Amino acid sequence: MPDTTVPTPRPRMPLHRLLPMAVFLLMVGCASPPAPQRPSVSNIPPLTTEQSNSITIHALGLVGTPYRYGGNTPEGGFDCSGLIGYVYRSSLGQVPPRTVARMASFGRPVAMSEIRSGDLVLFGNASPSHAGIYVGDGRFVHAPSTGGEVRLDRLDGVYWSRQPTQARRP
């Protein structure tokens, strides 16, 4: 006589117990490798006293140069980022980003109470729209606007003291 035994089914695990394990395995399986680290700007050595002085003297020497949108030479005039690029390139051989918005990640942030000659000052909220070079005693050199010229202004002046300001040290 043939064997008529019916296999007994194995007990099943309830679905509510399998679901957390399935979610965990799915997450682990879909996890991407960590994003590659971008090079840190902190490997740029801080400015020496001599470099800070060189930047300051160079920037002050350009006061009176005409403003020109997109300008980056004394002969052709400067806009604010062109002035900074020219001074840093001439004084240090460093080329900061060409736009003010990108300068917001150049170098290291510096508390305004710790600012020193040669540091960048950036004006505006999350994405700054204007920049200059701090030269000490609460003053900075910048190329302010069309029709103007590179000039020396005070951070505590009526207009500039009302602007959100940050400092960066290359």
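Predicted model: local features only at pLDDT ≥ 70, side-chain atom pairs only at ≥ 80, totals over all residues.

Biologist: How many bridges join β6 to β7?

Modeller: Four, and the two strands run antiparallel. β6 covers residues 139-142.

Biologist: What is the strand order in the sheet?

Modeller: The order is β3-β8-β4-β5-β6-β7, an open sheet of six strands with antiparallel pairing. β3 (108-110) and β7 (151-154) each have a single partner strand, so one side of each has no neighbour in the sheet. From one strand to the next, the twist averages 40°.

Biologist: Which strands does α2 lie across?

Modeller: Helix α2, residues 49-61, lies across β5 (130-136), β6 and β7, and runs at about 115° to β5. Helix α3, residues 80-92, lies across β4 (120-123), β5 and β6, at about 45° to β5.

Biologist: On to the inside. Which residues touch the most other members of the largest nonpolar core?

Modeller: L83, I84, V87, L120 and I133, out of 22 residues in that core. Two or more residues each come from α2, α3, α4 (100-103), β4 and β5. α3 gives the most, with five.

Biologist: What does L120 touch?

Modeller: Leaving out residues up to four places away in sequence, the contacts of L120 include I84, Y88, M103, F106 and I133. L120 also touches Q166, A167, R168 and P170. Another core, of nine residues, lies apart from the largest one; V121, F123, F140 and W160 are among its members.

Biologist: Switching to charges. How many salt bridges does the structure hold?

Modeller: Five. One of them is D79 with R98, where the closest N and O atoms are 3.1 Å apart. D79 is in the loop between β2 (77-78) and α3, and R98 is in the loop between α3 and α4, so the pair ties together parts 19 residues apart in sequence.

Biologist: Is D79 buried or exposed?

Modeller: D79 is buried, at 8% relative accessible area, while R98 is partly exposed at 35%.

Biologist: And where do D119 and R169 sit?

Modeller: D119 is in the loop between β3 and β4, and R169 is in strand β8 (residues 165-169), 50 residues apart. They form a salt bridge with the closest N and O atoms 2.8 Å apart, and both residues are buried.

Biologist: What about R154, which residue does it form a salt bridge with?

Modeller: D156, with 3.0 Å between the closest N and O atoms. R154 is partly exposed at 36% relative accessible area, and D156 is exposed at 53%.

Definitions and conventions
Residues numbered from 1 in each chain as written. Heavy atoms only, no water. Pairing = 2+ DSSP bridges. Axes fitted to C-alpha atoms, helices over the stretch in contact; angles between N-to-C directions. Contact = heavy atoms within 4.5 Å. Core = buried A, V, L, I, M, F, W, Y, C linked by side-chain atoms within 4.5 Å. Buried < 20%, exposed > 50% of the residue type's maximum accessible area, 1.4 Å probe, protein only. Salt bridge = Lys/Arg side-chain N within 4 Å of Asp/Glu carboxyl O.
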